[in-house]
Amino acid sequence: MAEKLLEIKGLKTWFKTDDGVVRAVDGVDLHIDRGETLGVVGESGCGKTVTARSVLKLIDMPPGRFEAGEILWKGRDLIPVPAQEMDKIRAREIAIIFQEPMTSLNPVYTVGDQIAEVLRQHDKLSRKQAIAGAVEMLRLVNIPNPGKRVHDYPHQFSGGMRQRVMIAMAMSCKPQLLIADEPTTALDVTIQAQILELMQEMKDKLGMSIMLITHAMGVVAETCQRVVVMYAGKVVEEAPVEALFGNPRHPYTQGLIRSIPRVDRAAAQKERLEAIPGSVPSLLNPPVGCRFAARCKFAMDVCVKAMPPLKEVGPGHRVACVL
Amino acid sequence: MSEPLLSVRNLKKHFAVSGGVFAREVDRVHAVDGVSFDIGKGETLGLVGESGCGKSTTGRCILRLIEPSSGEVWFQGADVTRLGPDAMRALRRDMQIIFQDPYASLNPRLTVGAIVGEALQIHGLAKSRKALEERVLELLETVGLQADHMGRFPHEFSGGQRQRIGIARALAVDPKLVICDEPVSALDVSIQAQVINLLEDLQEKFGLTYLFIAHDLSVVEHISTRIAVMYLGRVVEIAGSRDLYDTPLHPYSEALLSAVPIPDPTVKRKRIMLQGDVPNPIRPPSGCHFHTRCPIAKPDCSQRSPELVEKRPGHWVACHYRG
């Protein structure tokens, strides 16, 4: 068994709103081993982004609140860690990249200054050294002509190039874990392929782990070793990637995989897609039982009474379903 | 292909870029740069390409929501680009559009009943108040919404339901051609499948013809009879949907298809990585627009612009060296 770098146990991150408490993350268990890529998939509002941001404590409190659970980073719980120390962890150990690279870069500073800032947080460097380091980082993420581009502002870069800048910034602190929150969702497919390849290259070079948050099953299949499927604030299935796609056990996972049109299958042309009826339940008053029961074609009486716990069904394969 | 319902000939749209003290036109964005294609009665033509390739502008120019700079759009024996305002309004009964963003394309102050019924009133298609109400009810049921939804406002609906409202609105006037501009891009996969299935059912029921604009190649392959691939304002390839996926001839189509992630970890494919980004459409490359990123480009590709030629039956390609 590989070493667990990050382990989340029973995490509940709730938000207080005018309408009541939104249980965005409601009892999530997952772990990431050293050197692996874990995919966290699910649809909008399933709590995958809140889970990721909880790890770095990037949740505004209030309205957010850690209701229960532990976030063990190399065995140490991050929830009680004070803000100052958390800054150090964010600068040196865990990095994050976001979906929208334009909104997560500061428009009034050059990209060089922004990368240099991270480098100077990390090591005691002079400004000149830090800028030289930034040029190196831009070269590492294959930005052409890095010596010149380092003085450019974010708006002078294209979407794909901005995401490269974000990755360069994240890599500057040589993190052990990179949290990538929908890193390619805003990009075109050919650029997406470039960025995914770059992330893989960075992972191999620096030996870090990646937590890849996405809604795209295709991206998961091509980049992750293990996958966690979330639905309405809970983990419903966890499995090695081959098992998840080869033998999905939870009806939600099955539905998710079957609802995607496949370009690689000739017969798929006129086959009807299997849609999952209905839509995601409100997290204000989530159902007591299995959260998927209302949309599940196998739902039985027991399903609406209590949420089934995660059960082991194969090596590393766990499912929260009575079936 | 059956008899064409719509024929687009050498369609161009240039947007002026103004600058200087007197806001003179200093440059032009060649958004659509000579596009030609036909859509047969009852078929679905998919229009794919990356952001900024001009696919949405093409769709809007056909309806004259954006006035084309030049070119012809033949629909039912008339050139749409030369019609006066009255004739154009009458024609819009036969050509409708569904937009990408179901949040932005519905008036938040109107009830669903008013949104769907508006076109019926404008075109005088309802004899009385009662007839109008009955027709709206019928439309809501057709798209899978309920009668009691009529008095509600758009914000009370989920994304998938809002897209259904948009579809009901388009169907209200019994159109022959529906331009679907990224209709499922903003939706989660399970909901996306519901809407795709609905569009397919409606096509069968009402004999609709679709121009389906999207960047998601798996969705386009699933729904289309034929597909046109666009790059920087030009169509580079048109072929039957399966034909295009099995034997793409243009190097751009080939790279685009190979970049689509397949949701199956056991499938390992050779990916063609395109270098760099899409060039600026203000100064598109000379000759073949793709030559700056093309893996098989030869010196004369930057000199001569390739014509769209039928290299195999029903398979048109704009490349000097392929096919």
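This is a predicted model: local features need pLDDT of at least 70, side-chain atom pairs count only at pLDDT 80 or more; totals for chains, interfaces and linings use all residues.
**Exercise 1.** Determine how the span of helix H4 of chain A relates to the expected span, and state which of its residues are buried.

*Solution.* Step 1: H4(A) covers residues 111-122, twelve residues in total, and runs 17 Å from its first C-alpha to its last. At 1.5 Å a residue, 16 Å is expected, and the computed span is close to that value.
Step 1: The buried residues of H4(A) are Val111(A), Gly112(A), Gln114(A), Ile115(A), Ala116(A), Val118(A) and Leu119(A).
Step 2: The cover over these buried residues includes helices H5 (127-140), H6 (146-149) and H7 (159-171) of chain A.

**Exercise 2.** Describe the extent and burial of H7(A), and identify elements that cover its buried residues.

*Solution.* Step 1: H7(A) consists of 13 residues and reaches 18 Å between its first and last C-alpha, close to the 18 Å expected at 1.5 Å a residue.
Step 1: Twelve of the 13 residues are buried, and H7(A) is thus mostly covered. Among them are Arg162(A), Arg164(A), Met166(A) and Ile167(A).
Step 2: Elements covering the buried residues of H7(A) include strand E6 (94-97), helix H3 (101-104), H4, H5, strand E7 (177-181) and helix H8 (189-206) of chain A.

**Exercise 3.** Characterise the packing of H3(B) against H4(B) by angle, axis separation, handedness and residue class.

*Solution.* Step 1: In chain B, helix H3 (residues 112-122) and helix H4 (residues 129-142) pack at about 115°, with 10 Å between their axes.
Step 1: H3(B) passes H4(B) in a right-handed crossing.
Step 2: H3(B) contributes Val112(B), Gly113(B), Val116(B), Gly117(B), Leu120(B) and Gln121(B) to the contact, while H4(B) contributes Leu132(B), Arg135(B), Val136(B), Leu139(B) and Leu140(B).
Step 3: Sorted by class, the contact of H3(B) with H4(B) holds seven nonpolar, three polar and one charged residues.

How values were computed: Residues are numbered from 1 along each chain as its sequence is written. Chains are lettered from A and ligands numbered from 1 in the order in which they are written. Side-chain values use heavy atoms; hydrogens and water are left out. Helices (H or I, at least four residues) and strands (E, at least two) are DSSP runs, numbered from the N terminus. The expected span of a helix is 1.5 Å times one less than its number of residues. Buried means under 20% relative accessible area, exposed over 50%, partly exposed in between (1.4 Å probe, protein chains only). Contact means heavy atoms within 4.5 Å. Axes are lines fitted to C-alpha atoms, for helices over the stretch in contact, and angles run from 0 to 180 degrees between N-to-C directions. A crossing is left-handed if the near helix is turned anticlockwise from the far one by less than a right angle, and right-handed if clockwise. Ala, Val, Leu, Ile, Met, Phe, Trp, Tyr, Cys and Pro count as nonpolar, Asp, Glu, Lys and Arg as charged, and the others, Gly among them, as polar.
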